[in-house]
Amino acid sequence: MALQSLDIVRRSATTTPEPDIRIPVGTREVAKLIDTTKCIGCKACQVACMEWNDLRDGIGTNIGQYQNPHDLSDSTWTLMRFAEVENTKGDLEWLIRKDGCMHCADPGCLKACPSPGAIVQYANGIVDFHEENCIGCGYCVTGCPFDIPRISKKDKKAYKCTLCSDRVAVGLEPACIKSCPTGALVFGTKDDMKLHAAERIEDLRSRGFEQAGLYDPPGVGGTHVMYVLHHADQPQLYSDLPKDPQISPMVRVWKGFAKPLALATVALTALAGFFHYVRVGPDETDDHDEAAAQAMADKPEKAP
Amino acid sequence: MSDAPSAGTTGPQHLPMIVRYTAGQRTNHWIVALAFVLAALSGLALFHPAVFWLSTLFGGGPWDRILHPFIGLLMCVAFAFYAAGIAAQNRMEPRDWAWLRQISDVISNREERLPEVGRYNAGQKLVFYVAVLCLIGLLLSGIVIWRAYFAQYFPIGGIRLASVLHALCAFVLICTIIVHIYAAIWVKGSIRAMIRGTVTPGWVWKHHRAWFRELTRATHPRPRPD
């Protein structure tokens, strides 16, 4: 979803500077804040996402859970994940988390992507897939610390939440935000969202949730989708939200220093051959060698 | 095919030309070579953005991604046949290690100082082993990261590891094959051996003397020692 009205600060598989002469004075980084403590699991956000993005996932099967569909897919970009957790007092806690792209400041998908411009990061922090440039290799899946991108079986392109970049670009809030009936989803500048989260956390702590906190993991440079969690010390309770997500060291090596180093070594190997030829020259066979071969053939019994 | 000098063509000193590679081996070699070049170019396109343009040679990014694994499979299968045919002649022998220790004589064209070489020299044998290991590595890791068919059956940690291994094996193989190609350009007569199949007796005498002794013993009218 290429949008010229949003400024691109990072582009996949691109080694030259981005077109960034414009300085967006008013536009600061945006963020979606998901307050899991206010979420009632109504799935209005899932429906709004389907509606706005014209997505219709296939009808699945009921396996006795509220979670439906069971997983993110090429046509389910956000999903309420329902976790039933027994706390230390023996009570049940129903921890519901709206899952989807976290829009990392340091996106693993963008780092891994080999196709120029298939993944971009806008100045406002949104990480967007430009499917017309996607080649379907799935490296974004390999790079993502949150298991978000999905390759479509239909067109072999990668899909995920766009944070409604098309809506945000024209001053609207994302569709999911618009639909939330409890105010669990809010959207604004990242600074404002942090302030709002701080108020919520203070309130939660005053009501006994000592470990309430904000999920804005520093391992990926912070995210542009943040959570308020009742148990910020145990994010994994929320359907395996990673505690300290980072771009895997494997991906860092593979799409980091290995790239230029390997390419340079390949080029140097070829150059070494060229200069060997120039300096030492070819190894040729001449008439003396043929004569020596003839002589040896005449006396084959001669010991080596 | 026999290793014995073939009738028909004659070398400069009236000794017949020597068959080094049969038509079958040559065909097999060039299928591997062609697949290697295509796999390397399409793979490099996905490795570093500086050479993403190579994907244009294959019809663009998506076609590059679609074709690369199939080309790789073709290379592995063709190489398996080729390697099976020459594996026995590529066992490292004591004289090969001595040859490697004198690598400075090798690269300075001081061939007369080197130990005698059989059908393949130690460098060629190392290329053989590196190719075998790298292609096994590329095949296994390539299956793990083949998104269209197999990646969904492997855990994400395995896919990440396989991605790194795939790149590493490809890197080692590409560098090795560059050396292999250069050696063929450097040692005159080698390219003819793999295109026409034959080499002159003087070429064998100079570069593979132990093999030359075997051949001359074999053509002499007395029982072979083995």
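Two residues are taken to be in contact if their C-beta atoms, placed from the backbone, lie within 7 Å. Helices (H or I, at least four residues) and strands (E, at least two) are DSSP runs, numbered from the N terminus. A residue is buried if 20 or more other C-beta atoms lie within 10 Å of its own, exposed if 12 or fewer, and partly exposed in between. The model is predicted: local features need pLDDT of at least 70, side-chain atom pairs count only at pLDDT 80 or more, and totals for chains, interfaces and linings use all residues. Residues are numbered from 1 along each chain as its sequence is written, and chains are lettered from A and ligands numbered from 1 in the order in which they are written.

Chain B holds nine helices and two strands. Their order from the N terminus is β-α-α-α-α-α-α-α-β-α-α. Along the principal axes, the C-alpha atoms of chain B fill a box of roughly 65 × 35 × 35 Å. Of the 226 residues in chain B, 37% are buried. Contacts between residues at least 6 apart in sequence were also examined in chain B; 60% of them join residues at least 24 apart.

Helix H2(B) has 26 residues. Its first and last C-alpha atoms are 37 Å apart, close to the 38 Å expected at 1.5 Å a residue. The expected span of a helix is 1.5 Å times one less than its number of residues. H2(B) has a kink of about 30° at B:Leu67, shortly before the proline B:Pro69. The bend at a residue is the angle between axes fitted to the seven residues ending there and the seven starting there. Buried residues of H2(B) include B:Asp64, B:Arg65, B:His68, B:Pro69 and B:Tyr82. Helix H1 (23–47) and H5 of chain B are among the elements that cover the buried residues of H2(B).

The packing of H1(B) on H2(B) was examined next. Their axes come within 8 Å and cross at roughly 150°. Axes are lines fitted to C-alpha atoms, for helices over the stretch in contact, and angles run from 0 to 180 degrees between N-to-C directions. The crossing of H1(B) with H2(B) is left-handed. A crossing is left-handed if the near helix is turned anticlockwise from the far one by less than a right angle, and right-handed if clockwise. The contact of H1(B) with H2(B) comprises 16 nonpolar residues, eight polar and one charged. Here Ala, Val, Leu, Ile, Met, Phe, Trp, Tyr, Cys and Pro count as nonpolar, Asp, Glu, Lys and Arg as charged, and the others, Gly among them, as polar.

Helix H5(B) covers residues 122–144. Its 23 residues should span 33 Å at 1.5 Å a residue, and the end C-alpha atoms are 33 Å apart, which agrees. Among the buried residues of H5(B) are B:Lys125, B:Phe128, B:Leu135 and B:Ser141. The buried residues of H5(B) pack against helices H2 (61–86), H3 (94–101) and H6 (156–186) of chain B. H2(B) and H5(B) pack at about 145°, with axes 10 Å apart. H2(B) passes H5(B) in a left-handed crossing. The residues that meet include B:Pro69, B:Cys76 and B:Phe79 in H2(B), and B:Phe128, B:Val132 and B:Leu139 in H5(B). This contact has 11 nonpolar, two polar and no charged residues.

Chains A and B also touch. The contact takes 45 residues from chain A and 50 residues from chain B. On the side of chain A, helices H7 (249–254), H8 (258–279) and H9 (287–298) each supply at least two residues. The largest share, 11 residues, comes from H8(A). By class, the side of chain A that touches chain B has 25 nonpolar, 13 polar and seven charged residues.

Several local features stand out in chain A. A cis peptide bond joins A:Asn68 and A:Pro69, with omega about -5°. A:Pro69 is in the loop between helix H1 (44–53) and strand E3 (79–86) of chain A. A:Lys156 is not a glycine, yet has a positive phi of about 60°. A:Lys156 lies in the loop between strands E7 (150–151) and E8 (158–159) of chain A. A:Lys156 counts as partly exposed because it has 18 C-beta neighbours inside 10 Å. A:Ser239, also not a glycine, has a positive phi of about 50°. A:Asp35 lies in strand E2 (residues 30–35) of chain A. A:Asp35 is buried, with 23 other C-beta atoms within 10 Å.
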